[in-house]
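Here are my notes on this model. Please read them with the coordinates open.

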Amino acid sequence: MSEWDYTGLSADEIEAFRQAIEVGEDLHWRFRERSTDFIVRNCAKLAEMDRLESYWLSTYLNTSHFEHIGFDKLKTVFDACDRTKLQKHSVPVSKGISTERISLFRGCGGLVHTRGMSWTPSLDKAIWYAAWHREWHLEDEEQGEVAVYATTICLSEVYCRLDHNEDEFLVVPDNMWRIEVPASEFRLDRQRH
């Protein structure tokens, strides 16, 4: 059995995490952003306790970005999760889909386009997200560029499907490609369908 990693936590914080886990309290709601690093460091231990999936989905849904964690660690946590349990806490992957393969899109903007796990079945939403990411990076001297990427995946590749105001598929596609979108389409005043 693996040991807990309390790196960076005070004695009081350690005790608070222990108590929260003991009673099954939602770590994100109790500790906010502090829960993210704790879960990443302790995903194997939480999986052993059968708590990883619920803790991680709550944290993932309520965290705005994971740049400080990086793609590899993010994927490691999802890989430590049991997909069947993840999917019990989320929208059925095949809901409203009649085929085994679907096309998904990802909008990126800024200086660096990081590989991510969040994909949408809506090209329109991906375009909007690219514009939003560009606006988010406005403080940068160079805003970088906006882009939309596409992929086609089998439903069996999906970790889970979320609905927090948007339809979102969490997946790590083997292949993705950039698609051409006119520059005039990258704006925040567009309707998202």
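The points below cover the basis of the model, a helix pair, a sheet and a pocket.

1. This is a predicted model: local features need pLDDT of at least 70, side-chain atom pairs count only at pLDDT 80 or more, and totals for chains, interfaces and linings use all residues. Residues are numbered from 1 along each chain as its sequence is written, and side-chain values use heavy atoms, leaving out hydrogens and water.

2. Helices H5 (residues 52-61) and H6 (residues 71-80) have axes that come within 10 Å and cross at roughly 145°. Axes are lines fitted to C-alpha atoms, for helices over the stretch in contact, with angles from 0 to 180 degrees between N-to-C directions. Helices (H or I, at least four residues) and strands (E, at least two) are DSSP runs, numbered from the N terminus.

3. Leu52, Glu53, Trp56 and Tyr60 of H5 meet Leu74, Val77, Phe78 and Ala80 of H6. Contact means heavy atoms within 4.5 Å.

4. An open sheet of three strands runs in the order E1-E3-E6, with antiparallel pairing. Strands pair if DSSP finds at least two bridges between them. E1 and E6 (177-179) are the edge strands. E3 (residues 145-154) and E6 pair over three bridges. Valine 148 has isoleucine 179 in E6 as its bridge partner.

5. H8 lies across E1, E3 and E6, at about 15° to E1.

6. Which residues lie nearest the centre of the largest pocket? They are Ser64, His65, Arg106, Ser118 and His133, among 38 lining residues. A pocket, on a 1 Å grid over the protein atoms alone with a 1.4 Å probe, is an open set of points with protein on both sides within 12 Å along at least five of seven lines; lining residues have an atom within 4 Å of a point.
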